[in-house]
Amino acid sequence: MELDFGPAVRDFRDELRDWFADHLVGEFAEHRGVGGPTDGAAWDVRLAWDRELSAGNWLGVGWPKEYGGRGLGLIEEIVFEYEYARADAPYRATVNALDLLGPMLLAMGDEAQKKRFLPPVLAVEELWGQGFSEPGAGSDLASVRTRAERDGDVWVVNGQKVWTSFGIHADWLYVLTRTDPDSRRHQGLTLLLVPTDQPGVEIRPIRNLAGQDEFAEVFLSDARTGADLAVGEVGQGWRTAMATLGIERGTTLLPQQLTFEREAGALIDLARTRGALDDPMLRRRIVDAWISVRIMRTTNLRTIAELTAGRTPGAQATTAKLYASTRHQQLGHLAMELAGPAGQIVGEGYDLDTRQRSFLLSLAETIYGGSSEIQRNIIGEQILGLPKEPRP
Amino acid sequence: MDLTFSEEQDELRKVVRSFLTRHSTEADVRRLAADPRGHDPGVWRRMAAEIGLQGLAVPEEYGGSGFGYVDLGVVFEEAGRALLCAPYFATVALAAEALLRCDDEAARADLLPGVASGETVATLALTEDSGRWDEPGIRLTARKRAGGWRLAGVKTYVPDGHLADLLLVAARTPAGISLFAVAAADAPGLTRTPLPTLDQTRKQSRIVFTDTPARLLGTDGTAWPALARTLATASVLLAAEQVGGAAAALDASVAYAKIREQYGRPIGSFQGIKHKCADMLVEIESARSAAYGGLWALDAGDETAIAVAAALAQAFCSEAFTKVAGDTIQVHGGIGFTWEHPAHLYLKRAKSSEVLLGTPAYHRELLAARLGI
């Protein structure tokens with residue numbers, strides 16, 4: 001499939017393709033397709049790859065030039081993500097800062113914050129982790145209890161955060177805190193930027209079900225940060241945090257869907273090798289897997305077409321995540337079934353093959369970024385206008 | 001690349017919806033469902049005269065407006081929403097398309113203008129007692145006699161076959177599959193029997209041909225590719241109709257879930273119902289992608305892409321509509337199970353449409369064959 005947005009963008013695309021041809025070589029090329037939103041495999045190689053991208057000025061395609069970006073538009077961002085996925089380059093280690101922190105700062109940060117924090121993101125000099133979820137605040141994010149109090153010109157932060165992806169690598173955290181002790185729920189929250197290199201911050205890895213130390217829990221004990229490092233207004237942290245979550249989706253699902261297409265192709269090849277295509281039950285599920293990834297593609301293209309036409313994306317932009325995550329899990333189950341008895345065996349040190357890893361990690365896709373149950377609430381309430389559950 | 005609707009297409013949707021809101025109300029649908037003819041010729045004429053729906057995608061040289069398939073898909077989606085009782089699918093998606101695909105310029109020039117103007121109700125008679133939509137399923141024979149071609153055999157499950165002025169008949173000659181035209185009104189040796197249908201909003205007929213004179217369209221023995229292509233187009237348009245039907249069913253479910261109270265609050269505030277409605281929307285938006293992907297493929301014109309998209313659209317949208325229509329009854333509870341409530345009209349349209357152009361399993365096989373699976 002080609003995404004074609006006309007001659008001007010074609011030049012951009014060709015420049016990018018040439019760059020990949022010259023730079024996605026050697027060790028980087030050997031790590032094609034490695035890593036993912038919850039997959040910390042080959043971290044050091046991927047970090048080096050991010051620096052390679054940075055040297056080529058390919059990080060922050062849509063960010064303003066004054067902060068080190070290319071200052072290009074949404075179409076170029078989409079083309080970049082698409083070509084990136086097409087080249088099957090290693091998954092960017094800095095994706096959290098690029099996809100979440102950066103856009104949040106661009107939307108809600110003050111000038112000093114943007115100048116201070118955005119260039120090091122694009123230079124891959126500072127890595128970021130998200131401090132949103134807590135042991136008692138998962139889907140119900142508004143019940144965060146991590147406290148932040150002003151002490152002169154610093155904030156003092158106490159509490160615990162969890163599920164911080166790639167947290168052990170983070171130099172900085174963006175943390176949702178409660179700054180008004182008498183507030184409830186969405187009120188009285190503030191989003192703070194907190195450096196990890198201090199005694200008050202302890203980050204412990206959590207091993208995920210694939211055996212990787214991919215995410216972390218974060219203990220904040222009198223952790224300190226500057227009074228000037230609240231993003232958005234003090235007490236309006238919910239708005240800031242939601243702005244981050246709203247930024248996702250538009251461009252992020254397209255590369256993911258290309259990965260799924262690749263997996264579906266591999267699955268069909270595997271089925272052919274195993275002679276499974278003659279089994280009518282498996283055959284049906286294989287065709288359905290292919291249908292799923294094709295529907296994801298068209299759904300993403302619909303959203304992209306609307307975004308680039310300056311329209312508000314339709315309901316499909318909201319339903320896409322639920323569909324893709326669920327169907328991807330089915331694809332994973334099917335791939336494992338087709339792998340047969342060999343799928344039961346892993347390598348030394350619990351080294352998983354692509355199929356096993358993708359299957360296991362797909363279980364996170366219906367949890368992170370708003371679980372499927374939360375997605376259904378959002379669709380039911382915000383798209384269909386059904387009444388909210390009364391609070392007890 | 002343009003996978004979004006233009007302002008003109010949005011406007012077309014508004015116009016069609018407004019027309020159908022007035023002329024295909026639930027009362028109209030129920031009246032026509034109970035009527036053996038199953039359609040209102042007055043409304044049919046206004047569809048043609050006021051908005052030119054029959055000729056929308058017919059090229060201008062044959063008296064149509066020359067719009068594309070995305071535009072036509074908008075109309076089918078709206079027709080599906082309104083459960084329009086009219087020979088629109090038979091005439092436009094099947095017959096007009098078969099005429100456009102066959103290699104007979106003279107026949108096109110003769111027959112299409114009547115179809116485009118709404119004067120001619122037409123249909124495609126392809127399936128027989130086997131219910132098959134593939135080439136080997138065509139057994140009805142055509143033989144060349146001194147006075148011309150004669151047809152012998154039986155066609156059944158013919159959409160709106162009882163109404164059609166013009167029957168396009170797929171037949172087998174010694175040379176292979178051929179397409180014939182029969183002017184139904186005055187053709188000798190033609191017996192048409194309406195079949196009582198589960199989905200009363202779309203009528204079907206059984207048609208017996210006994211030495212019936214017919215006009216050969218195009219070259220003898222070469223019609224199958226054009227017919228297969230016709231079925232691909234019809235599959236996509238039916239998918240658009242299914243999307244519209246499913247969307248209307250969900251609208252009804254949501255409206256009811258907002259007002260129906262149990263345990264002192266609207267049932268739509270319970271996750272059991274809310275999440276069911278959300279899943280229905282996921283199904284519908286995915287079906288939209290399947291159907292719209294087909295419409296865009298039709299306008300782009302790549303034959304391989306069309307065959308793939310058409311099979312995918314039927315494989316997916318058929319089951320999506322049935323699922324949503326079934327869930328609509330569930331959301332409504334007891335009232336949804338009654339004859340009085342319209343939910344069953346959607347369920348029956350869905351279940352019947354699911355097999356109208358071949359079962360989802362058949363379309364999966366078509367898709368698998370195209371993909372080399």
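Predicted model: local features only at pLDDT ≥ 70, side-chain atom pairs only at ≥ 80, totals over all residues.
1. Helix α2 of chain B spans residues 26–34, and its buried residues are Asp28(B), Val29(B), Leu32(B) and Ala33(B). Viewed along the axis of α2(B), these buried residues fall within an arc of 130°, so they line one face of the helix.

2. What do the buried residues of α2(B) pack against? Their partners are two helices of chain B, α1 (7–23) and α10 (343–356). On the face turned away from the buried side, α2(B) carries the exposed residues Ala27(B) and Ala34(B).

3. In chain A, strand β5 (residues 189–195) is mostly covered, with six of its seven residues buried. Buried here stands for under 20% relative accessible area.

4. Strand β4 (residues 172–178) of chain A runs antiparallel to β5(A), and seven bridges join the two. Within this pairing, Tyr174(A) stands opposite Leu193(A) of β5(A).

5. β5(A) also pairs with strand β8 (residues 230–231) of chain A, in the antiparallel sense and over two bridges. Which residue of β8(A) is the bridge partner of Leu192(A)? The partner is Ala230(A).

6. An unreviewed UniProt entry annotates residues 131–220 of chain A as "domain: Acyl-CoA oxidase/dehydrogenase middle". In the model, the span 131–220 of chain A is 0% helix and 49% strand. The C-alpha atoms at the ends of this span lie 10 Å apart.

Definitions and conventions:
Residues numbered from 1 in each chain as written. Chains lettered and ligands numbered in written order. Heavy atoms only, no water. Buried < 20%, exposed > 50% of the residue type's maximum accessible area, 1.4 Å probe, protein only. Helix = DSSP H or I, 4+ residues; strand = E, 2+ residues; numbered from the N terminus. Arc of directions from axis to C-beta. Contact = heavy atoms within 4.5 Å. Pairing = 2+ DSSP bridges. UniProt positions renumbered as here; feature names shortened; annotations may be inferred.
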